[in-house]
Amino acid sequence: MTRLGSIFIDYCRQWVDFWNRFWFVPADPTLLAVIRLLAGAIIFYTHLVWSLELPTFFGNQAMIPPAYRAGLVDGTHYVWSHFDWLPGDGWLWPVHGLGLVIIFLFWIGAWTRVTAVLTALLVISYANRTTGAQFGLDQINGFLATYLAVGPSGARLSVDRWWALRRGRGEQGSSIAANLALRLIQFHMCVVYLFAGLGKLQGDTWWLGQALWGAFASAEYQTMDFTWMAHHMALVNLLTYVTLLWEVCYPFLVWPRLTRPLFLAGAVAVHAGIGLTMGMLTFGMIMIVGNLAFLSPNWIRDQANRYGAHS
Amino acid sequence: MKPVNENNQRPEQGQISDAPSLSTSSASNEPNGTWTSTRRGLVSLGLLIYLFIVVMGPVTNPIYTEELTGPLGRVLAPAHQAMYLGHGYRFFAPDPGPSHMLVFRVSRNDGSQVDARFPDKNVIWPRLMYHRWFMLSETIFEEYRGLPPSQEVEPVRTAAMGKDVLLLDQKAIEEDFAASQKNLKDQIDLFIEKGALGLAKQLQQIHARNERGYRVGEQRRKLLVDAVGRELLRRYSGERVEMFLQERAIALPTDVVLNTKLTDPRFLSELILIGEVQNEQP
C-alpha cells in the first residue's frame, strides 16, 4: 500500500510539474505582440465594415431584434450588448466611432492594458448584438481578443513600447502572463480543430472524398473557379481526405516538434485555400493568425531583433 | 519544490520549441520569472474552470445528451453567452450543403416592383458584408428548417413570380407537433404506469421544453421575418414586401463536365413563402 501510495504521489507530482511547465514559465511577449498586430488589423476591419450597415444591424429597428435573440437563447439574458442600452439611434454613430477608436488604439498598441480589455468587450458586444449574421470569424476574433487582453500584448511592437523607450524605461521582459495568453490561444485552437474535425467525421461527403467539391461548387461561396476539378475527382478525393486527416490530427500532432511545422503549414494551406476560393479571406487570415501561437516566442523575438522591429 | 522554469532551455535559433521559454532578459525581469505556489494554485483553479467552460461549448452545441451534457450546458449557458463562447465550431460539417437565399418582391405605391434576393454577390460589398447577409439568410432558413410546405403550388403567386411558390402548411406543422407531443405523453404515461418515475420525469421535462420551444419558435420566426421585411421596405421605399426562401443545390461534378453553370436555374428550388409585411408608416 505504501509503495502504491508513493507511486501515485510521484505520478501526481509529475502531472503538477507538467502543468506548471506548461502554464507557468515566462515567455517573451514579442509573439503575442505580433498576434496583436495581425489580429488587431482583422478585428479593426471586421468592425469598420459594420459602419456600412450600422442602423440595419445595430439600430432600434435592426433586422435582428433583441427580442429575437432573447428567444434564441431560451429565456436567458446574458447575451449582452452595449448597443441594447442606447436610448436612441442618434447614439449609434458616436458609440460606434468610439469603439473603432478603441480598437484602433489596441491594434497599434496604445494604452494596451486598457484598450485590450475594452476591445475584447467590444468584440463580444458587437457579436452578441448581431446573432444570426455571424460566422467563424467572429468566434475566433472573440477568443483572440480575450487572450490578447490576458497577456502583455502591447509590450512590444507598440506605441506603448515606443513611449516607454522615449521615457528611458527598461524593457518589459518575459512574463508568465505572456505564456498564459499564448497557451490559451493554443488550447482554444486545438478545441476548434478537434470539434471541426469530429463534426466532419459525421458527414458522408467527407468519407466519400467529395466534400471539397461541395465547397468548390457552391455558387454563393465561390470566388475563384475551381470547378475544373470536376475533371480530376481523384484529386478532389485526395484533398478531401488530407484536409480531414489534418484537421482531426491537428490537436494531437501540432504539439510534437517533429510534426508541428507540417501541421502549421497545413493550416496555412487550408485557410489560404478557403480564403481565396470561398471568399472568406478574413476568416482564413484570423485562423492563420491563431496558429502563430505555436511558433517559438524566442525565435520570433530574435527575428524581430534581427529586422530592427524591437520597438 | 524546484523552480518552474528550471527545465526550460532556450531552443536553437530558428527552431520551434514545444513550450515558450525564458528569454535572456535583464535582472529587472526577475519578479516576472516565478509565481508563488499560492498564486499558481489559484490561477490553476481558474484555468481549470475556464478550460472546462471552453470545452463544454462544442460538447453541448449543437448536439447534447439529455442526462449529462444538456443539463451542464444549461448551467454553463450564462458563462457561454456572456463571454461569447459555447460555439459548436462545426465548420463545413457534417457536410458542405446547399445555400439558402431570401428572395423578395417589394411593391411600391406607384405600381412598380423590385425583385431581388440576398445574398447577392453583385450587389453587396465588401465580401465581409456579403457574408453577413449570407449568414442572415441561412439563419432564416434554419428557423424554418423541417417545417413542411404545402404539397401543391399556390397558383396566383406562382403566376406572378414565374416560379413555383409553395406556402407553409400551418395545419400540417401543428398536426406534426401535436402528434410528436402526444407520442411523448403516451410514453410518459407508460413509464408512470410501470413505476419508472425517473424516466417519466425526464420525458416530462422534454415535453415541456418542446412545448415552450414550439411557441417561442413561432414568435421568433415572426419577429425575424417582420424585422427583415421592415428593413427591405425602408431600403426600397416599398409599400409591401413578400419574402420567400429558396435553396440552391450544389451541382454534381457530372453537371459541370456537361458545361452546366453553377447558377443554372435548375439547381434552384421552388419558392416557399415565409412572410408578407406591409408598410405601416404614414
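Colleague: Which side chains meet B:E66 or B:R209 in a salt bridge?

Modeller: Those two meet each other: the side chains of B:E66 and B:R209 form a salt bridge, at 2.7 Å from N to O. B:E66 sits in the loop between helix 2 (37-60) and helix 3 (69-82) of chain B, and B:R209 is in helix 7 (residues 197-236) of chain B, so the pair ties together parts 143 residues apart in sequence. Keep in mind that this is a predicted model.

Colleague: Why would they pair at all?

Modeller: Side chains of opposite charge can pair when their charged atoms come close.

Colleague: How many salt bridges are there over all chains?

Modeller: A search of the whole structure finds 26. Between chain A and chain B the count is four.

Colleague: Which side chain does A:D138 meet in a salt bridge?

Modeller: The side chain of B:R132, with 2.7 Å from N to O.

Colleague: Which three residues supply more of chain A's buried area than any other three?

Modeller: A:M63, A:Y68 and A:E220, which supply 9% of the area that chain A buries against chain B.

Colleague: Changing topic to helix packing. At what angle do helix 2 and helix 14 of chain A cross?

Modeller: Roughly 160 degrees, and the axes of helix 2 (residues 30-50) and helix 14 (residues 281-291) of chain A come within 10 Å. That makes helix 2 of chain A roughly antiparallel to helix 14 of chain A, because angles over 145 degrees count as such. Their crossing is left-handed.

Colleague: Which residues meet there?

Modeller: From helix 2 of chain A, A:I35, A:L38, A:A39, A:I42 and A:Y45; from helix 14 of chain A, A:T282, A:M285, A:I286 and A:V289. The residues of this contact divide into eight nonpolar, one polar and no charged.

Colleague: Next, helix 5 and helix 6 of chain A. What is their angle?

Modeller: About 130 degrees, with the axes of helix 5 (residues 92-108) and helix 6 (residues 112-129) of chain A 8 Å apart. Helix 5 and helix 6 of chain A are therefore oblique to each other. This crossing is left-handed.

Colleague: Which residues make that contact?

Modeller: Helix 5 of chain A brings A:H96, A:G99, A:I102, A:I103, A:L105 and A:F106. Helix 6 of chain A brings A:T112, A:T115, A:A116, A:L118, A:T119, A:L122 and A:Y126. The residues of the contact of helix 5 with helix 6 of chain A divide into eight nonpolar, five polar and no charged.

Colleague: What lies in the loop between helix 5 and helix 6 of chain A?

Modeller: A:W111 is one residue in that loop. The phi of A:W111 is near 45 degrees, a positive value in a residue other than glycine. Most residues other than glycine have a negative phi, and most peptide bonds are trans.

Colleague: On peptide bonds, then: is the one joining B:F118 and B:P119 cis or trans?

Modeller: It is cis, with omega about 5 degrees. B:P119 lies in the loop between strand 2 (113-118) and helix 4 (127-144) of chain B.

Colleague: And what kind of peptide bond joins B:W125 and B:P126?

Modeller: A cis one, with omega about -5 degrees. B:P126 lies in the loop between strand 2 and helix 4 of chain B.

Definitions and conventions. Residues are numbered from 1 along each chain as its sequence is written. Chains are lettered from A and ligands numbered from 1 in the order in which they are written. This is a predicted model: local features need pLDDT of at least 70, side-chain atom pairs count only at pLDDT 80 or more; totals for chains, interfaces and linings use all residues. Side-chain values use heavy atoms; hydrogens and water are left out. Axes are lines fitted to C-alpha atoms, for helices over the stretch in contact, and angles run from 0 to 180 degrees between N-to-C directions. Helices (H or I, at least four residues) and strands (E, at least two) are DSSP runs, numbered from the N terminus. Angles under 35 degrees count as roughly parallel, over 145 as roughly antiparallel, 65 to 115 as roughly perpendicular and the rest as oblique. A crossing is left-handed if the near helix is turned anticlockwise from the far one by less than a right angle, and right-handed if clockwise. Contact means heavy atoms within 4.5 Å. Ala, Val, Leu, Ile, Met, Phe, Trp, Tyr, Cys and Pro count as nonpolar, Asp, Glu, Lys and Arg as charged, and the others, Gly among them, as polar. Buried area is the accessible area (1.4 Å probe) that two parts lose on being put together, summed over both.
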